[in-house]
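Please look over the sequence and the structure before reading on. The paragraphs below are meant to be read beside them.

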Amino acid sequence: MTSKWHYLPLSAEEQKLESELARRFANVEPISELLVQRGVCSVSEAERFFHPSLRDLHDPFLMPEMDKAVERLDRAMGSKERIMVYGDYDVDGTTAVALVYRYLQNFYSEIEYYIPTRYDEGYGISTATIDEAADRGVKLIIILDCGIKAIEEIKYARTRGIDFIICDHHVPDDELPPAAAILNPKLEGSTYPCSHLSGCGVGYKFMQAFSISNGLGTAELEGMLDLVAVSIAADIVPMVDENRVMAYHGLKRLNSNPNMGLRAIIRTCGLGGKEITISDVIFKIGPRINASGRMQSGREAVELLVSRDIKDANEKSLAIDQYNKDRKELDKRITEEANAILEKRGEMDSTKKSIVIYNKDWHKGIIGIVASRLTELYYKPSVVLTLANGLATGSSRSVQGFDVYKAVESVRDILENFGGHTYAVGLSMKEENIPEFMRRFEEYVAENILPSQLTPQLDIDAIITFSRITPEFVSTLRLFNPFGPGNQKPVFCSRRVKDFGTSKLVGRNLEHIKLELVDDTSGKVFNGIAFNMAQYFDRIHAGEPIDICYTIEENKHHNASSTLQLLVKQIHFSAGDGKAPR
């Protein structure tokens with residue numbers, strides 16, 4: 001689907017700030033413009049942005065009930081109580097469990113971990129698991145990346161003599177579970193400065209507070225930031241504030257001395273010797289960890305991430321890699337089936353503003369991925385449902401700017417359960433409620449979504465000529481890493497560029513264009529790649545000028561020089577009017 005190009009020049013106030021920064025970055029335009037777009041307002045702030053420091057992490061005791069959480073954990077350890085670390089089966093949950101379990105295991109032996117199975121137990125905590133824990137003598141459960149809505153379950157746990165410390169980041173309801181402590185930066189009334197932590201990030205802050213309270217130092221915990229970085233990337237939380245600090249230092253750890261389990265995954269997916277980026281985590285490392293919970297059991301992912309034996313870690317990594325291959329095959333088949341159904345329904349030309357699709361035979365572990373694919377293809381909030389444990393269980397995904405959590409919440413009276421974020425929600429309902437859900441969900445979306453939110457938009461950070469792409473500019477641009485929501489990789493637009501005469505079609509079916517481009521401002525030929533744009537090749541090769549939107553990519557290996565490539569996102573044939581895209 002073609003996106004509308006959108007470039008928003010700086011406001012008058014932003015231009016004043018940009019002018020101050022421009023004196024510092026005069027040789028690397030438009031760095032100052034990119035900084036202002038990201039809320040950086042001074043040279044000192046720019047230095048902190050370019051060099052994130054662990055000193056800039058917030059005091060964990062600013063989070064509501066942190067003191068209560070630390071006191072309850074101290075009391076459990078002092079009384080030799082059995083502790084269970086419990087988490088969700090996705091990347092965020094399994095990294096959180098691995099971090100908290102491994103850290104506490106350094107000081108305490110009466111500790112175990114537990115990950116529910118997606119298919120037998122489902123999301124969150126169950127009374128059956130509480131009974132099992134009580135029978136084994138567990139007195140405290142630290143629950144990570146879930147639990148904020150487990151009101152009845154935690155009430156029941158109290159009758160079995162078990163306390164809970166909840167470390168969650170999902171949107172809470174008005175009523176909260178009766179836990180010993182709830183750590184969640186999204187709690188109403190919370191003034192914690194970073195409200196968009198990952199679940200693993202909340203667990204890290206809990207361990208940070210425990211460490212400070214007990215005078216344990218920081219080195220051991222900081223050595224686990226690679227797990228936090230993986231959770232931040234995979235859960236797609238905003239790459240701002242302390243999320244960016246933790247991701248920055250976690251990536252450094254991934255590239256120098258990663259967790260043994262992560263090291264095995266890095267080797268398995270062919271990243272050894274390469275500089276690992278957030279994109280590598282999102283597209284290679286994260287999916288493999290996730291595949292364990294999708295296809296088999298998230299416990300296997302935790303076993304890998306807490307492994308201290310390289311042979312054991314390599315064996316577990318290979319098993320998880322096979323799960324990922326199986327997941328890809330299922331993903332492809334189910335996505336094709338879903339598209340066939342929607343094409344038959346005429347969805348592409350439909351006036352409906354949302355998609356809800358149900359097939360009782362689809363694999364529960366894949367439907368979230370399929371929902372994402374449908375949202376990308378049709379650019380509508382999408383819900384994909386299947387049958388699991390007697391309920392229609394589903395995942396929803398949203399388009400930029402539309403809060404799908406509120407849309408799902410609007411029909412909560414016919415749901416059995418739901419929870420999630422602005423852009424992703426899990427839900428379940430009785431099968432007979434699906435038609436009513438479809439009707440009311442569509443009604444809410446149609447009334448609340450803006451027309452602009454139904455058209456994909458490609459935001460341009462700056463319009464530049466090729467002469468601006470200097471080694472100094474690229475070097476400074478590298479300091480904007482790590483990228484993510486709130487700090488996306490800058491998208492540039494260059495106008496009226498032309499084929500040098502050597503561009504060619506590549507790919508198994510000659511579906512991509514390997515570009516070699518020039519403009520009137522630089523004598524240098526810039527290499528680019530335009531995936532799945534072969535339809536433009538003849539006109540480009542004939543010398544027609546084009547406008548391109550692109551990111552600047554570096555292919556960099558350890559101890560080797562990097563090569564530069566323009567990753568072309570979209571191509572327009574130049575109108576010749578000289579005007580910037582709007």
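The model is predicted: local features need pLDDT of at least 70 and side-chain atom pairs count only at pLDDT 80 or more, while totals for chains, interfaces and linings use all residues. Residues are numbered from 1 along each chain as its sequence is written, and side-chain values use heavy atoms, with hydrogens and water left out.

The largest nonpolar core comprises 91 residues, and L73, L99, F206 and I285 have the most contacts inside it. Helix 5 (residues 91-105) gives the most to this core, namely 9 residues. Another core, of 39 residues, lies apart from it and includes L10 and L566. Such a core is a set of buried Ala, Val, Leu, Ile, Met, Phe, Trp, Tyr and Cys residues joined through side-chain atoms within 4.5 Å, where buried means under 20% relative accessible area (1.4 Å probe, protein chains only).

An open sheet is formed by 5 strands in the order 7-8-9-11-10, with mixed pairing; strands are DSSP runs of E, at least two residues long, and helices are runs of H or I, at least four, numbered from the N terminus. Strand 7 and strand 10 (417-420) are the edge strands, each pairing on one side only. Two strands pair if DSSP finds at least two bridges between them. Strand 10 and strand 11 (residues 424-429) pair in the antiparallel sense over 4 bridges, and L427 in strand 11 is the bridge partner of F418.

N359 lies in the loop between strand 7 (355-358) and helix 16 (367-378). Leaving aside neighbours within four places in sequence, N359 is in contact (heavy atoms within 4.5 Å) with L385, T386 and L387.

Terms used:
Buried < 20%, exposed > 50% of the residue type's maximum accessible area, 1.4 Å probe, protein only.
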